[in-house]
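Please keep the sequence and the model at hand while working through the numbered points.

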Amino acid sequence: MKIYVMEQSGVEHTLEGVEGWRLMSVIRDSGLPIKAECGGACSCATCHVYVADEWLWRLFPASSEEIDQLDGAFEVQGNSRLSCQIILNEEMDGLRVTLAPGTEA
Ligand code: FES
């Protein structure tokens with residue numbers, strides 16, 4: 001499964017997604033600069049990404065915990081999600097996200 005991740009600089013990377021993995025883990029393990037300080041516990045918001053519009057409706061909705069945590073993130077938009085809360089499945093092949101401000105490692 002291919003996952004496309006754009007840095008804030010505009011450079012896009014093609015990553016190999018793994019079903020059942022957190023999107024944050026795939027991004028971090030690829031070496032891209034993402035803080036993800038809490039390691040996926042939904043308690044830091046430093047794994048914040050913007051999901052491409054065409055993918056927004058295809059993801060399961062954010063939980064109340066994720067929404068609460070996003071309140072503390074920088075520059076939140078309507079397409080903001082926490083990448084540690086997105087569990088990859090085969091239907092997400094081609095998912096496209098952009099790293100948000102405040103996530104730089
Ligand atoms: S890694 Fe901390 S909220 Fe996602």
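1. Helices and strands are here DSSP runs, numbered from the N terminus: a helix is a run of H or I of at least four residues, and a strand is a run of E of at least two. Leu 82, for instance, lies in strand 4. The model is predicted, so local features need pLDDT of at least 70 and side-chain atom pairs count only at pLDDT 80 or more, while totals for chains, interfaces and linings use all residues. Residues are numbered from 1 along each chain as its sequence is written.

2. The strands form an open sheet of 5 strands in the order 2-1-5-3-4, with mixed pairing; two strands pair if DSSP finds at least two bridges between them. At the edges stand strand 2 (12-16) and strand 4 (80-82), each of which pairs on one side only. On average, neighbouring strands of this sheet are turned by 35° against each other, direction ignored. For such angles, the axes are lines fitted to C-alpha atoms (for helices, over the stretch in contact), and angles run from 0 to 180 degrees between N-to-C directions.

3. How do the individual strands pair? Strand 1 (residues 2-6) runs antiparallel to strand 2 and is joined to it by 5 bridges; within this pairing, Lys 2 has Glu 16 as its bridge partner. Strand 1 also pairs with strand 5, in the parallel sense over 4 bridges, and Ile 3 stands opposite Leu 95 there. Strand 5 pairs in the antiparallel sense with strand 3 over 3 bridges, where Tyr 50 stands opposite Thr 98.

4. Strand 5 deserves a separate remark. In a regular strand the side chains alternate between the two faces of the sheet. The covered face of strand 5 carries Leu 95, Val 97 and Leu 99, and the uncovered one carries Arg 96 and Thr 98.

5. A residue is called buried if 20 or more other C-beta atoms lie within 10 Å of its own, exposed if 12 or fewer do, and partly exposed in between, with C-beta atoms placed from the backbone. A nonpolar core is a set of buried Ala, Val, Leu, Ile, Met, Phe, Trp, Tyr and Cys residues joined through C-beta atoms within 7 Å. The largest such core has 22 residues, and those touching the most other members are Leu 23, Met 24, Ile 27, Ile 34, Cys 47, Val 49 and Val 97. At least two core residues come from each of strand 1, helix 1 (23-29), strand 3 (48-51) and strand 5 (95-99). Helix 1 gives the largest share, 4 residues.

6. Which residues does Ile 34 contact, leaving aside its neighbours within four places in sequence? They are Met 24, Ile 27, Arg 28, Cys 47, Leu 99, Thr 103 and Ala 105; contact means C-beta atoms, placed from the backbone, within 7 Å.

7. Leu 82 counts as buried because it has 29 C-beta neighbours inside 10 Å. Beyond four places in sequence, its contacts include Cys 42, Ala 45 and Leu 70.

8. Ala 36 is buried, with 22 C-beta neighbours inside 10 Å, and Ala 45 is buried, with 25 other C-beta atoms within 10 Å.

Notes. Contact = placed C-beta atoms within 7 Å.
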